[in-house]
Amino acid sequence: SSIMEIENLTQNVLNAHRQTCQFRFEDLQLLRWETFTRNEVYSYQRKSMEEMWERCAWRITDAIQYIVEFAKKMDGFMQLSQNDQIVLLKAGAMEVLLVRMCRAFNYQNNTVFFEGKYAGPELFKSLGCGELINNFFTFSQNMCTLGLLEPELALFAALVLVDSSRPFLQEKDKVEQLQKNLELALKNLMRKSHREGILVKVRKTKPLDSKLSPI
Ligand SMILES: COc1ccc2c(c1)CCN(C(=O)Cc1cc(=O)[nH]o1)[C@H]2C(=O)Nc1ccc(C(C)(C)C)c(F)c1
């Protein structure tokens, strides 16, 4: 593909991300030191497992809808067969959400934005899945150490979704072509910002192996 095509694809993915990222990065940053008080944490910890799961599942379901909208706005995604669009979203939407959530994560005090303030892992105790929660916080920490800028995160999220190695794809070669163009777009972006050095780290951190994503 020509450099023009790659530049256009880059702009398209950045716009798709901006229009569907649910929270502006600046707004999340303004709140990053607004943590829940001890009493607020206790009241969350006293909630029943059902109520806590209900609230988290609803939030996650809502957030995944924004990721579906992100995919639909991405050039090339809607040109894939409907089967393959569904295969990629089913396999990748939760991984894209986890990648995106690092924007709402404060690695300095290990808290994540939840219902208006920033919460540590202890707030989610009543869910009864400490291992999963700890893995979520560890993954968010690791994502933050990559130090990806908003545009790089947008292209990285697009690459998490457009993964030609997903099982059950019908038109693998079409997905591969889009994936290669997105890879060129990310490399091109990093080269222009003289940050191609971190691509080595980015390549190694495959977002999550399947046992972690709850869906
Ligand atoms: C894409 O990145 C994010 C980041 C955070 C949130 C969302 C999306 C979805 C809305 N949301 C809310 O809290 C909704 C709200 C905002 C507000 O002012 N009042 O309510 C957050 C969210 O859901 N955070 C959360 C953090 C941990 C978990 C785990 C249980 C996985 C740890 C989780 F399920 C959700």
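In this predicted model, a backbone N or O atom of F113 lies 2.9 Å from a nitrogen atom of the ligand, a polar contact being a pair of N or O atoms within 3.5 Å; within protein, one atom must be able to donate a hydrogen and the other to accept it, and residues adjacent in sequence count only if both atoms are side-chain atoms. A polar backbone atom of E115 is 2.6 Å from an oxygen atom of the ligand, and a polar backbone atom of G116 is 3.5 Å from an oxygen atom of the ligand. The ligand taken alone exposes 710 Å², of which the protein buries 85% (Shrake-Rupley method, 1.4 Å probe). There are 18 residues around the ligand, and R59, I60, M101, F113 and E115 come nearest; a residue is counted if one of its heavy atoms lies within 4 Å.

Residues are numbered from 1 along each chain as its sequence is written. As the model is predicted, local features need pLDDT of at least 70 and side-chain atom pairs count only at pLDDT 80 or more, while totals for chains, interfaces and linings use all residues; side-chain values use heavy atoms, without hydrogens and water.

M101 also belongs to the contact between two helices, where L98, V99 and M101 in α5 meet F136, F139 and M143 in α6 (contact: heavy atoms within 4.5 Å). By class, this contact has 6 nonpolar, no polar and no charged residues; Ala, Val, Leu, Ile, Met, Phe, Trp, Tyr, Cys and Pro count as nonpolar, Asp, Glu, Lys and Arg as charged, and the others, Gly among them, as polar. Helices α5 (residues 82–101) and α6 (residues 130–146) pack at about 65 degrees, with axes 9 Å apart. Helices are DSSP runs of H or I with at least four residues, numbered from the N terminus, and axes are lines fitted to C-alpha atoms over the stretch in contact, with angles from 0 to 180 degrees between N-to-C directions.
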